[in-house]
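Let's walk through this protein together, one neighbourhood at a time. Keep the sequence and the 3D view side by side as you read.

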Amino acid sequence: MGERGGPIPIRVLLGDDHRIVREGLKQVLADAPEIEVRAEATDGPQVLEQVGALGGSEGLDVVLLDIAMPGRDGLDVLQALRRDWPRLPVLMLSTYPERQYAVRSIKLGAAGYLNKSADPDVMVAAVRKVAAGGVYVTPITAEALATAVGGKAGTEALSHREHQVFRLLAMGRSVSEIGAQLQLAPNTVSTYRARILEKTGTKNDVELALYAERQGNAAA
């Protein structure tokens, strides 16, 4: 990114399925004259398509990516971007609780995590930092990362795929609905469900939903 030089803007791709959210983000970023929204995407596959069309880190400096993306989960998209464009920083955005999702995002290679309700100045500062090659970590995320180093328990013990299934179960989705969304066979989803129940110490979907609510992991 040092090759950009001073006058060249920080080129951003916005990935979020809600138009009002994208418009709000564009308005926030417009207050920083050196930040330019180069492209927008409304689902996971489109994010990957747009990044590829722009040449990855050759045409972009930061991807702002929502976790709850249709078509393909945002964390799956993050992993694909890290694999195909490892030099392109990805800043995850979500309404989900920071203590759980920030840690998971950073472990998967994100350059930072922000709640969508973050102060505009914080949003701009985060984009600037990750564009410069840094990692944006809030005090809450730093504390959660430190805690995670000590060992895994509950949802932290879940694999990436298990966590996807967990989140959808907590939202009341059926096994068949989850299978269709994640492109998994129902039997495979049932296997993940059994592992999730064991790791969270719950006995059924009702207990799992209550557990998710207590942990602050259900979708906001």
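This is a predicted model: local features need pLDDT of at least 70, side-chain atom pairs count only at pLDDT 80 or more; totals for chains, interfaces and linings use all residues.

Residues are numbered from 1 along each chain as its sequence is written, and side-chain values use heavy atoms, with hydrogens and water left out.

How many aromatic pairs does a search of the whole structure find? The search returns 1. The ring centres of F166 and Y211 are 6.5 Å apart and the ring planes stand at 80°, so this pair is edge-to-face. (Rings of Phe, Tyr and Trp, the last by its six-membered ring, pair if their centres lie within 6.5 Å; planes under 30 degrees apart count as stacked, over 60 as edge-to-face and the rest as tilted.) The pair links distant parts of the chain, since F166 belongs to helix α7 (residues 160-170) and Y211 to helix α10 (residues 205-215), 45 residues apart. (Helices, H or I of at least four residues, and strands, E of at least two, are DSSP runs numbered from the N terminus.) Y211 is buried too, with a relative accessible area of 10%.

Now follow α7 to its helix neighbours. Two packed helices are described by the angle between their axes and the distance between the axes. For α7 and α9, the angle is about 85° and the axes are 9 Å apart. (Axes are lines fitted to C-alpha atoms, for helices over the stretch in contact, and angles run from 0 to 180 degrees between N-to-C directions.) That makes α7 roughly perpendicular to α9. (Angles under 35 degrees count as roughly parallel, over 145 as roughly antiparallel, 65 to 115 as roughly perpendicular and the rest as oblique.) On the α7 side, the contact is made by R161, E162, V165, F166 and L169, and on the α9 side by V189, Y192, R193, R195, I196 and K199. (Contact means heavy atoms within 4.5 Å.) These residues divide into 6 nonpolar, no polar and 5 charged. (Ala, Val, Leu, Ile, Met, Phe, Trp, Tyr, Cys and Pro count as nonpolar, Asp, Glu, Lys and Arg as charged, and the others, Gly among them, as polar.)

Also in helix α9 (residues 186-200) you will find A194, which is partly exposed at a relative accessible area of 41%. A194 and E162 are 32 residues apart in sequence, and their C-alpha atoms are 9.9 Å apart in space.

What about α7 and α3? Their axes come within 10 Å and cross at roughly 155°, which makes α3 roughly antiparallel to α7. The contact brings together L75, D76 and Q79 of α3 with H160, R161 and Q164 of α7, and its residues divide into 1 nonpolar, 3 polar and 2 charged. Take a closer look at Q164: it is buried, with a relative accessible area of 3%. Leaving aside residues up to four places away in sequence, Q164 touches D73, D76 and L182.

Finally, let's visit two loops. Q183 sits in the loop between α8 (175-182) and α9, and is exposed, with a relative accessible area of 71%. The phi of Q183 is near 60°, a positive value in a residue other than glycine. Most residues other than glycine have a negative phi.

A111 lies in the loop between α4 (98-107) and β5 (112-115), and is buried, with a relative accessible area of 10%. Not counting residues up to four places away in sequence, A111 touches P89, V90, V130, G134, V135 and Y136. A111 and V90 are 21 residues apart in sequence, yet 5.5 Å apart in space, C-alpha to C-alpha.

Methods: Buried means under 20% relative accessible area, exposed over 50%, partly exposed in between (1.4 Å probe, protein chains only).
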